[in-house]
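Hi everyone, thanks for coming.

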Amino acid sequence: MKRRWFLLSAFLGFFFCSHAVAQTGRNLVANPSFEDHTLCPEKVEANGVMKGVVGWWQPTAGSSDYFHACGKRECTVPRNKLGMQVPRTGNAYCGIYCSQEHYREYLQTELTEPLQRGGRYRVTFYVSLADKSPHAVATLGALMTPMRVGDSISGVLANREETRFGDDASLSISTPLLPQVVNDRSRVLDQMEEWMEVSGEFVAEGGERFLTIGNFNDFNKSSVTEMDNDQAVLMGAYYFVDDVSVECVSMPALADDAEEAAPPAMVSLNNIYFEVGKSDLLPASYSELQRLAELMQARPTMRIEVHGHTDNQGSAEFNQALSEARAKAVADYLVGQGISPTRLMWKGYGAAVPVDSNDTPEGRQRNRRVEYSVVAE
């Protein structure tokens, strides 16, 4: 029965998504069950760093954990320092704290390709409460963002914006990050022997590339439930996580007689300067970028995509990487000016979209540019 359902799901995914070039109905998570690794885990540490597992990382100071059958006693499977659980598939899973009031852990990865605007996607992952947890929660969820999000602290992951007033004063404002998929509050994730599915669908705004899993709710909004558990020695609800997927469900149909929508108008950022062959912004660029930051602050729903371009000098691989790095540098500068990362996307085109001939120095100079398009007002 499980195999028939898998084949049907795969067929439907392909049927609905095959017309979109970037989507093929496949799982967009590259290492979904954490099997691929470069190092076998050795220890579970309060201040450790999750390492070894390919393509996954911890986005905050919270020390997420990696468990694999090749690991040492504390972090092997099925029995480890946190309890006893057989992986849902394969030989590995990860683990995160999800309930402590001032401490949280998260898992983050980059998708194999960005989501398409208007597409409906389904996110699924499975969790099992560790045997030694004193309580359980309900509100585990999945956040999709166009850029990496993170924090240097180990609390609830949020968007923190700091405004400075002179040299000695600043104001820090923390706004919640709202995951697109959240488990229902009435459904407490309390199973220790079985794996419980967390899943949901959402419509993409377009450009989402990073997936973050965890509990984005405050302690008192997480449906915390005390467990009758004589093994409980941990400080909060700890969950094993396995089998993560992000898949296309459907794309908006295009009418046969509908004209193709015009692409967003490009706005050139003049007076943007980088070190030669590098992505380091020079101070002469700041006034132009500050004007863009002020525009976005005045229009709080405005979202943009930054585009980087080069001339055709050098290899295609180098130009592509340089254009991406320069577009990202502009986006990073705007984040530093208080613009939320969720309002920014960035992309590099290398030398593929010239606006002038590359046969003259003047033409090449025009082709080396940074632009942006407004993707939402």
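**Cysteines and a helix pair**

Let's begin with cysteine 75: its sulfur sits 8.6 Å from the closest cysteine sulfur, that of cysteine 70, which is too far for a bond. Please keep in mind that this is a predicted model. Is cysteine 75 buried or exposed? Cysteine 75 is buried, at 1% relative accessible area. Cysteine 94 is buried as well, with a value of 0%.

So which cysteines do pair up? The structure has 1 disulfide, and it joins cysteine 40 to cysteine 70, with 2.2 Å between the sulfur atoms. Cysteine 40 belongs to the loop between helix H1 (2-17) and strand S1 (56-57), while cysteine 70 belongs to the loop between strand S2 (65-68) and strand S3 (79-80), so the link ties together parts 30 residues apart in sequence. The angle about the S-S bond is -115 degrees, making this a left-handed link. Both partners are partly exposed: cysteine 40 has a relative accessibility of 34%, and cysteine 70 has 33%.

Now, on to the helices. In general, two packed helices are described by the angle and the distance between their axes. Here, the axes of helix H2 (residues 286-298) and helix H3 (residues 316-336) come within 10 Å and cross at roughly 60 degrees. H2 and H3 are therefore oblique to each other, and the crossing is right-handed. Which residues make the contact? On the H2 side they are Tyr286, Leu289, Gln290, Leu292, Ala293 and Met296, and on the H3 side Val330, Tyr333 and Leu334. Sorted by class, that contact has 8 nonpolar residues, 1 polar residue and no charged ones.

Technical notes: Residues numbered from 1 in each chain as written. Predicted model: local features only at pLDDT ≥ 70, side-chain atom pairs only at ≥ 80, totals over all residues. Heavy atoms only, no water. Disulfide = S-S within 2.5 Å. Helix = DSSP H or I, 4+ residues; strand = E, 2+ residues; numbered from the N terminus. Buried < 20%, exposed > 50% of the residue type's maximum accessible area, 1.4 Å probe, protein only. Axes fitted to C-alpha atoms, helices over the stretch in contact; angles between N-to-C directions. Parallel < 35°, antiparallel > 145°, perpendicular 65-115°, else oblique. Left-handed = near helix turned anticlockwise from the far one by under 90°. Contact = heavy atoms within 4.5 Å. Nonpolar A, V, L, I, M, F, W, Y, C, P; charged D, E, K, R; others polar.
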